[in-house]
Amino acid sequence: MGVFSADNPWVFISGLLGNISSFVVFQAPLPTFIRICKKKSTEGFQSIPCVVSLFSAMLWIYYAFVKSGAFLLITINSFGCVVETIYIAIYIAYAPKQSRGFRRRWGRKSSEMRTDFAIESERWRWD
């Protein structure tokens, strides 16, 4: 059985359409972050949507590891984790000084959670 095989081709087609729409959703904040980079200020934008999106993508990856044959879920949500981490790094780089400490603490917590997530995923995968 191949990576892209499915019993029903409509299931695979709907999965591809879901990946395309998810790709567009992950790229939606791009104009905002281009503006943040040009002005070198967060201008009152919040990082909460990016953090929530990152955690959501991580939970979907966890689900995909538990479920067998979820290659499309793993690929798009891995891409989402990378993109959202970049967005958060850009936000922290241009955030006001008083909020940087708070964001860094949450960044460390996020990093710890990703490490725990990776360890647990591997443990579940091989049990």
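Biologist: At what angle do H2 and H4 pack?

Modeller: Axes are lines fitted to C-alpha atoms, for helices over the stretch in contact, and angles run from 0 to 180 degrees between N-to-C directions. Here helix H2 (residues 30-39) packs against H4 at an angle of about 30°, and the two axes are 10 Å apart. H2 is therefore roughly parallel to H4 (angles under 35 degrees count as roughly parallel, over 145 as roughly antiparallel, 65 to 115 as roughly perpendicular and the rest as oblique). This is a predicted model, in which local features need pLDDT of at least 70 and side-chain atom pairs count only at pLDDT 80 or more, while totals for chains, interfaces and linings use all residues. Residues are numbered from 1 along each chain as its sequence is written, and side-chain values use heavy atoms, with hydrogens and water left out.

Biologist: Which residues of H2 and H4 meet?

Modeller: A contact means heavy atoms within 4.5 Å. From H2, Leu-30, Phe-33, Ile-36 and Cys-37 meet Tyr-87, Ile-90, Tyr-91 and Tyr-94 of H4. By class, this contact of H2 with H4 has eight nonpolar, no polar and no charged residues (Ala, Val, Leu, Ile, Met, Phe, Trp, Tyr, Cys and Pro count as nonpolar, Asp, Glu, Lys and Arg as charged, and the others, Gly among them, as polar).

Biologist: How many helices and strands are there in the chain?

Modeller: The chain has five helices and zero strands, and from the N terminus on its elements run α-α-α-α-α. Helices (H or I, at least four residues) and strands (E, at least two) are DSSP runs, numbered from the N terminus.

Biologist: Is H1 roughly parallel or roughly antiparallel to H4?

Modeller: Helix H1 (residues 9-27) and H4 have axes 10 Å apart and pack at an angle of about 0°, which makes H1 roughly parallel to H4. Residues of H1 in this contact include Phe-12, Leu-16, Phe-23 and Phe-26, and among those of H4 are Leu-72, Ile-76, Phe-79 and Val-83. The contact of H1 with H4 has nine nonpolar, seven polar and one charged residues.

Biologist: At what angle do the axes of H3 and H4 cross?

Modeller: The axes of helix H3 (residues 48-66) and helix H4 (residues 71-94) cross at roughly 155° and come within 8 Å. H3 and H4 are therefore roughly antiparallel to each other. On the H3 side, Cys-50, Leu-54, Trp-60, Ile-61 and Phe-65 are among the residues that meet H4, whose own contacting residues include Leu-73, Ile-74, Cys-81 and Ile-88. This contact of H3 with H4 has 15 nonpolar, four polar and one charged residues.

Biologist: What can be said of Ser-53 and Gly-80?

Modeller: Ser-53 lies in helix H3. Its C-alpha atom is 8.0 Å from that of Gly-80, although Ser-53 and Gly-80 are 27 residues apart along the chain. Leaving aside neighbours within four places in sequence, Ser-53 is in contact with Phe-26 and Glu-84. In the chain, residues 24 or more positions apart account for 72% of the contacts with a separation of 6 or more.

Biologist: Where is Lys-40 found?

Modeller: Lys-40 is in the loop between H2 and H3. Most residues other than glycine have a negative phi. Lys-40 is not a glycine, yet its phi is positive, about 55°. Glu-43, in the loop between H2 and H3, also has a positive phi, near 50°.

Biologist: Is Lys-40 buried or exposed?

Modeller: Buried means under 20% relative accessible area, exposed over 50%, partly exposed in between (1.4 Å probe, protein chains only). Lys-40 counts as exposed because its relative accessibility is 57%, whereas Glu-43, at 32%, is partly exposed. Of the 127 residues of the chain, 24% count as buried.
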